[in-house]
Amino acid sequence: MNRQNANLATGPVDLERIAADYEAETRQLTRRVVICAGTGCVAGGALKVHRQFLSRIAAAGLAVTVDLKPENGASHQGLYVSKSGCQGFCQMGPLVTIEPDGILYARVKPEDVEEIVDVTLKDSRVVERLLYVSPSTGERCRGQAEIPFYKQQQRTVLKFCGRIDPEDVREYIHHGGYAAARRAFCQMTPEAVCEEVAHSGLRGRGGGGFSTGRKWELTRQQPGPKKYVICNGDEGDPGAFMDRSVMEGNPHSVIEGMMIAARAIGADEGYVYVRAEYPLAVARVRRAVDDATALGLLGDDVFASGHSLRIQVMEGAGAFVCGEETALMASVEGKRGMPRPKPPFPAQSGLWGKPTVINNVETLATVPLILRQGAVQFRKIGTPTSPGTKTFALTGHVVNTGLIEVPFGATLRQIVMEIGGGVIDDQGRPSNDGFKAVQIGGPSGGCLTPEHLDLPLDFDSLQGVGAMVGSGGLVVMNRHTCMVSVARFFMQFTQNESCGKCVLCREGTRQMAALLDDIIEGRADRQTLVLLEQLAKAVRKGSLCGLGKTAPNPVLATLRYFRAEVEAHVFQKRCPAGRCKALRTPEILADLCKGCTICSRKCPVGAISGERKMPHTIDAAKCIKCGACAAACKFHAIVGV
Amino acid sequence: MEKEVKAPPAPSGARQFAKVCDILDRHQRNAARLIPILQEVQEEYRYLPEEVLTFVATSLGLPPARVFGVATFFSHFTLTPRGKYTIRLCDGTACHVRDSIAILEALYERLKINAARNTTPDMLFTVETVSCLGACGLAPVVVVNEEVHGQMTPKRAVELVDAIIAKENAR
């Protein structure tokens, strides 16, 4: 890498020349086939589809380009087949986009490729059967412009995710990339960069919502020559994958954001900390750092400004608590990832005791947009206290799952009903009255209920109703979901992930999980609820870091919005959603039972009786709910075991 | 499942530490690089043998307790040998509400293992849950080594295991 660097970086990087060369080389390309190669689509076989495209196109005798290497101005001809990062609509993957026709094919299988080559690439017609069909209207949608899932979004941070080749730094530059970093290094003072970002009102997208500009300014003011910038890509919230998609789909935007942050605070070294569960994101960010270094964008004397910046990529090792900034830094230093008390804040004493700025992936990817268009323009989107857009991972019981981006202030109804296409039941069928709740912000967050459907979502409005934006995971739950079990799920999660430093977090989460078990398994009484609430407040108060402080949130939210459901478990020993196994009454449905006697022979405790060819009955007092009868019954006549 | 697939033996003697030495050298024996070093060691042996941990500690000038502390803190590190195929079942929120636990139970039953003993005696499979793989759009998700399988059902998960066993037996 150093050798290449020395060869290429003879002067400051000429972004305009790179962009112009790219433009000239690609001008004669007729069509572009973009195959989504995000984690979701790859799981669906996108790489096979990609290979199939290459071989089918070759077999059809069409000219094709697969790699836009800068070959001294040679221009490329014919078709260009490229891979992209996550296009967001993971559920319909593998996705194939054909530009400039604006056609999007969904659920493309390798067998379909030949038809696409023959019909679309050779003949410029559309393969109707591969288009996305809107489940609400039944209409075929030709491309993103017509698909409701995309139509309702406002993609700024994700604009190039899923369109450009994430492994081609020149394409990013061609779309104006790294110009904002150059402006920061060559035309702006560190103070001016901090001021511009502060003025934009950008707030940290990782959950806290702290003003990014202020954070930078505080770090900038610290004396000393050595400072660090860290990108926090340890996206551990279950049900969230926004940062993964940005790192996979447009890693250079994150690097550019880090460069601007480094310029603002005067850092010459940076780390990107990525979860090990995201191997593709790790690979793409590594490649992006290598390419940027090879071009001379990173390294010594960035943009001939006299400043240097080196970035390293570090892989996490599977600890949720490392998303907390002080724990993350401990882990970069090669120690156990345990948080420490603040102050001193990382701005004063961070990595190896030096002033450090640590920002979330999405925050950093937003920064270049602010410098490109100006703070005033940036503020035009979103709400006054939460400007800009936010990406959300929309999952759970909803028709369209995937990655979305909407302005702050969008309502839950827009997100779930319009973009998400509404709620589904357990069999995956649309269910109009099925909406029960949305879990937002993962294990630190809370629940939103039908009464919040028209609440404009931003940092402050969510805090007001006892939830938080968190990192942006939105899990939709239908009315067959038991909210006590969901609270139990999160408590189990935080209990597993508690680092063990604070007694109240370590033991309190365990006891809260045990109390929730009592409720689910029918052992609870009034005292259980009192204890649960007391404990929740104590854990919140007695924990050092955000993990413990917010761990009780799911429980408190459940008690606040679903009290009746909790009380049904406690006082009536009944699970209204019918999910809690211990609270179900075993029953044989007489109209389905054929009297085949298999169940009574399978029952290990002799709880089932009945005459041959007559409906059987089950003795609830004897039944141990082992489920052997239900598993053996061919007629699905046994419920509640 | 008749064929025995043995985990690579724990290294013993100076010769066996050669690979660990290479890894240590690549990281300039820098104690701050402890986590990447352990990650590479684990990639080599599929787990972290105790002797290697002590060796790494001595080489980096760290107390062994510190290295054990790190190795036991992070969930990616394991001190017991893992099977040839690690099956990771995602139990993130999205997968959980779509009933990922039923898949886990089906896998346990098929492989006759449980949460406490999660590796098959023939060292072919290890089954574990992870908190979120970030492929929520495809929930529930199962990952076999690095290969992601989306929209799983208990039946499909068992078929996946059967296919691997058939492939291994054919070898």
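In this predicted model, Glu25(A) and Arg170(A) form a salt bridge whose closest N and O atoms are 2.8 Å apart. Glu25(A) belongs to helix 2 (residues 15-26) of chain A and Arg170(A) to helix 7 (residues 169-174) of chain A, so the pair ties together parts that are 145 residues apart in sequence. Over all chains, the whole structure contains 47 salt bridges. Across the interface of chain B and chain A, by contrast, zero salt bridges are found.

That interface draws 47 residues from chain A and 33 residues from chain B. About 3,100 Å² is buried between the two chains, with 60% of this area on carbon and sulfur atoms. Of the area that chain B buries against chain A, 19% is supplied by Phe73(B), Thr93(B) and Val97(B), more than by any other three residues.

Within chain A, helix 11 (residues 242-249) packs against helix 13 (residues 279-295). The geometry of this pair is as follows.

| Feature of helix 11 and helix 13 of chain A | Value |
|---|---|
| Angle of packing | about 40 degrees |
| Distance between axes | 8 Å |
| Handedness of crossing | left-handed |

Because angles under 35 degrees count as roughly parallel and those from 65 to 115 as roughly perpendicular, helix 11 of chain A and helix 13 of chain A are oblique to each other. In their contact, Arg244(A), Met247(A) and Glu248(A) of helix 11 of chain A meet Leu280(A), Ala281(A), Arg284(A) and Val285(A) of helix 13 of chain A. By class, the contact of these two helices comprises four nonpolar, three charged and no polar residues.

Conventions:
Residues are numbered from 1 along each chain as its sequence is written. Chains are lettered from A and ligands numbered from 1 in the order in which they are written. This is a predicted model: local features need pLDDT of at least 70, side-chain atom pairs count only at pLDDT 80 or more; totals for chains, interfaces and linings use all residues. Side-chain values use heavy atoms; hydrogens and water are left out. Axes are lines fitted to C-alpha atoms, for helices over the stretch in contact, and angles run from 0 to 180 degrees between N-to-C directions. Helices (H or I, at least four residues) and strands (E, at least two) are DSSP runs, numbered from the N terminus. Angles under 35 degrees count as roughly parallel, over 145 as roughly antiparallel, 65 to 115 as roughly perpendicular and the rest as oblique. A crossing is left-handed if the near helix is turned anticlockwise from the far one by less than a right angle, and right-handed if clockwise. Contact means heavy atoms within 4.5 Å. Ala, Val, Leu, Ile, Met, Phe, Trp, Tyr, Cys and Pro count as nonpolar, Asp, Glu, Lys and Arg as charged, and the others, Gly among them, as polar. Buried area is the accessible area (1.4 Å probe) that two parts lose on being put together, summed over both. A salt bridge is a side-chain nitrogen of Lys or Arg within 4 Å of a carboxyl oxygen of Asp or Glu.
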